[in-house]
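Subject: Structure for your files

Hello,

Here is the structure I said I would pass on. My notes on what was found follow below it.

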Amino acid sequence: MRKKLLAIAAGAAATPALAQTPPAPAFDVAAARARIAPVLEKAYPHLDAIYKDIHAHPELGFQETRTAALLAEEMRQLGFTVTTGIGETGIVAIYKNGDGPIILVRTELDALPMEEKTGLSYASRVQQTANGSSTFVAHSCGHDLHMAWWLGTATTLVEMKDRWSGTLMFVGQPAEELGTGARAMLDDGLFTRWPKPDFAFAAHVMPLPTGLVIVKDGVVSSASDAIDISFNGVGAHGSMPDKGIDPIMMGSRFVTDVQSVISREKDPKAFGVITVGSFVAGTVGNIIPDRADLKLTLRSYDDATRKLLVEGVERTARSVTDMARAPAPVITHQGGTAAVVNTTDLAQKAATMLKTAFGSEAIFVPASEAGGNASEDYSELVKAGIASVFFAIGGLDPALFAKAQADKTAIPVNHSPFFAPVPEASIKRGAEVLTLAALMALAQPGAGQ
């Protein structure tokens, strides 16, 4: 989907028609925007300071203690009832304002194990321990931005509480990059200790110009499965391969053969990817090692393809060891999450509403278009049976974006060490989108007029 979005942003593709979407929601979008703008303008200096603080002090999944404490205190100051330590380091903030729907707004808390190279004055130089080793940590995905617009949304909705009735459930989720944080919160009672929401909203900054808002019907992001495989052989001298069982041969054969699952078993029309991202074995050239460790990521959209890929990986690994007369492989599923799927009716209503608010900067992508290849464990919350929309929001300087398009040069994307969204325009637009979405869902007939 990213190529499609880039084409739209560059003016190379027409904005999909919204003629079939439902009528605008039962609140005055222009009046709501008129209330939202001054609130965000007043709040922005504080939001900017919070954003740069979090950016400079990132934390890895399930280590987000400072981040969670900071956000929890901010939400308490706004009048939310806050519970911390949900799913280890997650937070749940509740604001009740009379009868009405329960609206969930979610942000992620964690950062990535990588070194930032943006050169920003507030760039991260933090290091933490991951998998037993010290690593640089950076908010190169944009979760720091998400936290800022999450706070901005909470601030605005509290300020506008005379315009709506219901309950806000603001969730700060840990370990999105690990793909296990949402499940950890659910297992810790997210929807049993608190009522299950009626509607849910989340958003992600994208390498697109600031101002752009994308609403995708249907599949938004892919399912993800992380699998580790260890091939155990028999070590020997490099000159005596007949005296050992070479795990590098097994791993190499697996890397090649497993792609036949994609090319010969998967439906060609279905999206599916199997990538071996890590292959570690041996120490020197004249020793056949006794073990090779591989790490894989699998991506798909639908449950049938997801099952096919997982079973294909396992079967191929076992076949390789059988051929080598080696012990069975050790296959470990490190985690996985389903595809994020936007609720059709709600996505279409949101697209119509945002089109009213932002004109051509709001883009609706129909379900017939492919979703994105990346993954998001926000899907675990949606699978609980909640009507939901996951938005994509541009975060790059429009002039720099246009120049890169014209020069055909690469644009730093999420997870690049050079990824650097524009703070003010991105935070204000993200907060406005989420505020409008919440007001749309909260709106009762005649409310907000």
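A salt bridge here is a side-chain nitrogen of Lys or Arg within 4 Å of a carboxyl oxygen of Asp or Glu. In these terms R33, E361, R429 and E432 are linked in a network of salt bridges, and the structure holds 24 salt bridges.

Two notes on how to read the rest. This is a predicted model, with local features needing pLDDT of at least 70 and side-chain atom pairs counting only at pLDDT 80 or more, while totals for chains, interfaces and linings use all residues. Residues are numbered from 1 along each chain as its sequence is written, and side-chain values use heavy atoms, with hydrogens and water left out.

Salt bridges

R106 pairs with E108, the closest N and O atoms being 3.5 Å apart. R106 and E108 are both buried (buried is under 20% relative accessible area, exposed over 50%, partly exposed in between, with a 1.4 Å probe and protein chains only).

D225 forms a salt bridge with R306, with 2.8 Å between the closest N and O atoms. This pair links distant parts of the chain, since D225 sits in strand β10 and R306 in helix α8, 81 residues apart. (Helices are DSSP runs of H or I with at least four residues, strands are runs of E with at least two, and both are numbered from the N terminus.) D225 and R306 are both buried.

K295 and D228 also meet in a salt bridge, at 3.1 Å from N to O. Again distant parts of the chain are linked: K295 is in strand β14 and D228 in strand β10, 67 residues apart. K295 is partly exposed, with a relative accessible area of 45%, whereas D228 is buried, at 16%.

The side chain of D228 makes a polar contact with the side chain of Q334 at 2.7 Å. (A polar contact is a pair of N or O atoms within 3.5 Å; within protein, one must be able to donate a hydrogen and the other to accept it, and residues adjacent in sequence count only if both atoms are side-chain atoms.) Not counting residues up to four places away in sequence, D228 touches L294, K295, V330, I331, T332 and Q334; contact means heavy atoms within 4.5 Å.

Helix α8

Helix α8 covers residues 303–324, 22 residues in total, and reaches 32 Å from its first C-alpha to its last, close to the 32 Å expected. The expected span is 1.5 Å times one less than the number of residues. After α8 comes R325, whose phi is positive, near 55°.

The buried residues of α8 include T305, R306, L309, V310, G312 and V313. Among the elements covering the buried residues are β10 (223–232), α6 (247–257), β14 (291–300) and β15 (330–337).

Nonpolar cores

The largest nonpolar core has 80 residues, of which F80, F170, F201, L354, F391 and L436 touch the most other members. (A nonpolar core is a set of buried Ala, Val, Leu, Ile, Met, Phe, Trp, Tyr and Cys residues joined through side-chain atoms within 4.5 Å.) Helix α12 (residues 423–442) gives the largest share of this core, 11 residues. Leaving aside neighbours within four places in sequence, F80 is in contact with M75, A93, I94, Y95, A154, V158, L168 and F170. There is a second, separate core of 22 residues, and it includes M185, L186, V220 and V340.

Strands β8, β17 and β18

Strand β8 (residues 213–216) runs parallel to β17, joined by 4 bridges, and antiparallel to β18 (residues 387–396), joined by 3 bridges. Two strands pair if DSSP finds at least two bridges between them. V213 stands opposite A362 in β17 and opposite I393 in β18.

In β8, V213 and V215 point one way and I214 and K216 the other, and all are buried. Strand β17 (residues 362–365) is covered on both faces: A362 and F364 are buried on one side, I363 and V365 on the other.

Regards
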